[in-house]
Amino acid sequence: MPVSSPSTTQPPTLTLESVDVWLSGRHVLRDVSFSLGPGSVTGLIGPNGAGKTTLFKVILGLLHPQHGRVSVPGADGSAHRSHGPVGYVPQKLVFDPDMPLRARDVVALGLDGDRWGVPLSWRRRRGPVEEMLEAVGAAHLGDARVGDLSGGEQQRVLVAHALVGRPSLLLLDEPLANLDIRAEQEVVELLARIAEDQNVTVFISAHDMNPLLQVMDHIVYIADGRTVNGTTDEVVRSDVLSGLYGHHVDVLGVHGRILVVAGRDDQAQLGEGHGHDHLDIPDEPGVVSVL
Ligand SMILES: Nc1ncnc2c1ncn2[C@@H]1O[C@H](COP(=O)(O)OP(=O)(O)OP(=O)(O)O)[C@@H](O)[C@H]1O
Ligand SMILES: [Mg+2]
């Protein structure tokens, strides 16, 4: 099983072995196995409904697989893993502009992860909170109401919230959705810097791999609950993705972006990749929809 890590000498931060999940009778994750190494940046790439959020919930311990094993060193077997060794930035988090919550308060909530315990005093929280706001380039936003911040600024605050408990693994579910290209680039660079500076394993879900191409060490590509993983060059290939989807797909380079395009009667997925050695343009491409 390939381990995504700049250094394969260190033990993995996360390992999934033959994980199967059924929800309401649907087989949502199918025999998923991979490992992520310390300090790596991995993209969890796949179209809507592929199983990305479900996979994150399994890693967090919010969902228990019917079969297989999830291992996060430092986590206890049954409890929710968020706020422990796993930091989490969920998909779809909307702040009410009228909510009287400052950016600094949102970050501090990450230190009170054990909600049943006694909260830390503000004096004890202040140091780590300010340090983390600084680390994500949001020191100047501490007093701002979160509801007033831009999408990119909110993402920074949420990353600081997820990191302040010093996790070894950071999961971000579609953190680039709703960001413009500039904010997207800034958040991607921030995440790569965090992985390197803090040796945090960063796992980012996205339906479009293109913004992540410069920073991804590895990719876990998911379609209909099945995964393939490896380096981008190993995974984003027509033969590999055709096997995953169960029908022919092509990997195309278009204006410097990578598209994964289904055959004539199928739909297409926007994919990722780097290197265009396997560029393969079909004579009669099917309907191309950008997801
Ligand atoms: N509680 C549930 N009961 C039944 N089916 C579910 C449940 N939760 C999710 N699913 C189904 O599992 C599949 C995977 O959902 P999931 O939310 O993990 O996809 P996703 O890759 O995160 O999609 P998106 O890109 O839209 O966020 C979907 O078909 C979804 O309808
Ligand atoms: Mg999702």
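Guide: A word on terms: helices (H or I, at least four residues) and strands (E, at least two) are DSSP runs, numbered from the N terminus. Also, this is a predicted model.
Visitor: How many helices and strands are in the chain?
Guide: The chain has seven helices and 12 strands.
Visitor: And what share of the residues is buried?
Guide: Of the 291 residues in the chain, 45% are buried. As for contacts with a separation of 6 or more, 64% join residues 24 or more positions apart.
Visitor: Let's do the sheet. What is the strand order?
Guide: The order is S6-S7-S8-S4-S9-S10. Those six strands form an open sheet, and the pairing is mixed.
Visitor: Which are the edge strands?
Guide: Strand S6 (86-89) and strand S10 (226-230). Each of them pairs on one side only. From one strand to the next, the twist averages 15 degrees.
Visitor: In which sense do S4 and S9 pair, parallel or antiparallel?
Guide: Parallel, over four bridges. S4 covers residues 41-45 and S9 covers residues 218-223. Ile45 has Tyr221 in S9 as its bridge partner.
Visitor: What holds paired strands together, in general?
Guide: Strands of a sheet pair through backbone hydrogen bonds.
Visitor: Now the helices. Where does H4 lie?
Guide: Helix H4 (residues 151-163) lies across S6 and strand S7 (169-173). H4 runs at about 160 degrees to S6.
Visitor: And H5, which strands does that one lie across?
Guide: Helix H5 (residues 181-198) lies across S4 and strand S8 (201-206). The angle to S8 is about 155 degrees.
Visitor: Switching to ligand 1. Which residues come nearest?
Guide: Leu23, Asn48, Lys52, Thr53 and Thr54, out of 14 residues around ligand 1. Strand S3 (26-36) and helix H1 (52-60) are the elements that give two or more residues to that shell. H1 gives the most, with three residues.
Visitor: What classes of residue are in that shell?
Guide: Nine are polar, three nonpolar and two charged.
Visitor: Last one: Leu241. Where is that residue found?
Guide: In helix H7 (residues 238-245).
Visitor: Buried or exposed?
Guide: Leu241 is buried, because 23 other C-beta atoms lie within 10 Å and the cut-off for buried is 20 or more.
Visitor: What is Leu241 in contact with, apart from neighbours within four places in sequence?
Guide: Tyr221, Val236, Val249, Val251 and Val260. Leu241 and Val260 are 19 residues apart in sequence, and their C-alpha atoms are 8.4 Å apart. Tyr221, on that contact list, is also the bridge partner of Ile45.

Conventions: Residues numbered from 1 in each chain as written. Chains lettered and ligands numbered in written order. Predicted model: local features only at pLDDT ≥ 70, side-chain atom pairs only at ≥ 80, totals over all residues. Near = placed C-beta within 6 Å. Nonpolar A, V, L, I, M, F, W, Y, C, P; charged D, E, K, R; others polar. Pairing = 2+ DSSP bridges. Axes fitted to C-alpha atoms, helices over the stretch in contact; angles between N-to-C directions. Contact = placed C-beta atoms within 7 Å. Buried ≥ 20, exposed ≤ 12 C-beta atoms within 10 Å, placed from the backbone.
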